[in-house]
Amino acid sequence: MSILGKLTQIWSQDMAIDLGTANTLVVLKGQGVVLNEPSVVAVVDNKGKKSVLAVGDEAKTMLGRTPGNIQAIRPLRDGVIADFIVTEEMIKHFIKKVHKKNAFANPRILICVPTGSTPVERKAIQDSALAAGARKVQLIEEPIAAAIGAGLPISEATGSMVVDIGGGTTEIAVLSLGGVVHSSSLKVGGDTMDDAIVNFMRSVHKLAIGESTAERIKTDIGCAGIPDNGDGKTLTVKGRDLINGLPREVVISERQVAEALSDSLSQIITALKRALEVVPPELAADIVDKGIMLTGGGALLQRLDEAIRVTTGLPVSIADDPLTCVARGTGMALEENHNHCLLYTSPSPRD
């Protein structure tokens, strides 16, 4: 290794990245979560030449509001890379932002991936991070990171069940002795719920809304069950009338949003029940005692834990700060060297 390479290795700081469909979180070794921004990139097309205009928070404000030559896009879909070049630029931007005092940042990076991702999809994530300036890239499966972040005893000879509901996917896994005994990856998550709300508003209220408005509806009055007190809370929503094309506002209720989300939640609960049916008896007995741990942004949906508890008859817990649970678990795996949990990739040629 060259002198510059050795200095770079010393100056760099290892990073853990939760490269999510909705948000990207970065953990620096010894410092915790240092960045939490939307996985959105604004790209400007100047006479056929494309360049990155904004990334993260700034780019998200442009969603649905850009002129013809600017595109605000999400480079990840369903937990995997949809646009290789834009993802590389996004990772590069986040590395520079975190290592703002270090122009030669060349860190070792640990990234979590969905259990259902293919070897090709995993290699795409590795290649993007290496091209963005990583010294070495390792991967960890999302449910393992979620379980570590939630404080589950995954290294012990006992069964732990985690359900991580992210933006693009829902990861369901039973873990024991530091490994995944059974897992399933469902392409249903927060984005699917947002789409369901958009479609509901179009079909029932004849109102066109954007994904940012749908996300606000889900966050403010989203619910996994019909409210006990009639229609529950209400929210005024603004959009474009599909009949006359003019701006209009309507008032929607918690009950209506619960109806809009029912199909997405039904798919998650069905997949969860299927996973429980194939778990070995001894591990099933452990899950009866310890219950199911919910992580990810979807865990914050009102009454979701109650809906799962009623359906399965099992105890259901929500992790502390479920939004950052996977990122914190990835960071802990980086710090505590959970090597048996990591998927290894070759170091960068620069090493």
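1. Does the radius of gyration of the protein chain, with 351 residues, agree or disagree with that of a compact globule? The protein chain has 21 Å, which agrees with the value near 20 Å that a compact globule of 351 residues would have. The radius is taken over C-alpha atoms, and the globule rule is 2.2 Å times the number of residues to the power 0.38. Along the principal axes, the C-alpha trace spans about 70 × 65 × 30 Å.

2. This is a predicted model, in which local features need pLDDT of at least 70 and side-chain atom pairs count only at pLDDT 80 or more, while totals for chains, interfaces and linings use all residues. Residues are numbered from 1 along each chain as its sequence is written, and side-chain values use heavy atoms, with hydrogens and water left out.

3. The average pLDDT (the predictor's confidence in each residue, from 0 to 100) of the protein chain is 87, and 91% of the residues score at least 70. Over residues 1–11 the pLDDT stays under 50. For residues 1–11 the model has nine contacts (heavy atoms within 4.5 Å) beyond four places in sequence.

4. The protein chain contains 11 helices and 19 strands. These are DSSP runs numbered from the N terminus, helices being H or I of at least four residues and strands E of at least two. Among contacts with a separation of 6 or more, 63% join residues 24 or more positions apart.

5. Of the 351 residues, 53% count as buried; buried means under 20% relative accessible area, exposed over 50%, and partly exposed in between, with a 1.4 Å probe and protein chains only. The protein chain exposes about 15,900 Å², of which carbon and sulfur atoms supply 52%. Accessible areas come from the Shrake-Rupley method with a 1.4 Å probe.

6. Strand β12 covers residues 170–176 and includes Leu175. Leu175 counts as buried because its relative accessible area is 1%. Beyond its neighbours within four places in sequence, Leu175 has contacts that include Pro143, Ile144, Ala147, Ile154, Val162, Val180 and Val181. The C-alpha atoms of Leu175 and Ile154 are separated by 6.0 Å, although these residues are 21 residues apart along the chain.

7. Ser176 also has its place in strand β12. Its relative accessibility is 13%, so Ser176 counts as buried. Leaving out residues up to four places away in sequence, Ser176 touches Ile154, Glu156, Ala157, Thr158, Val181 and Leu283.
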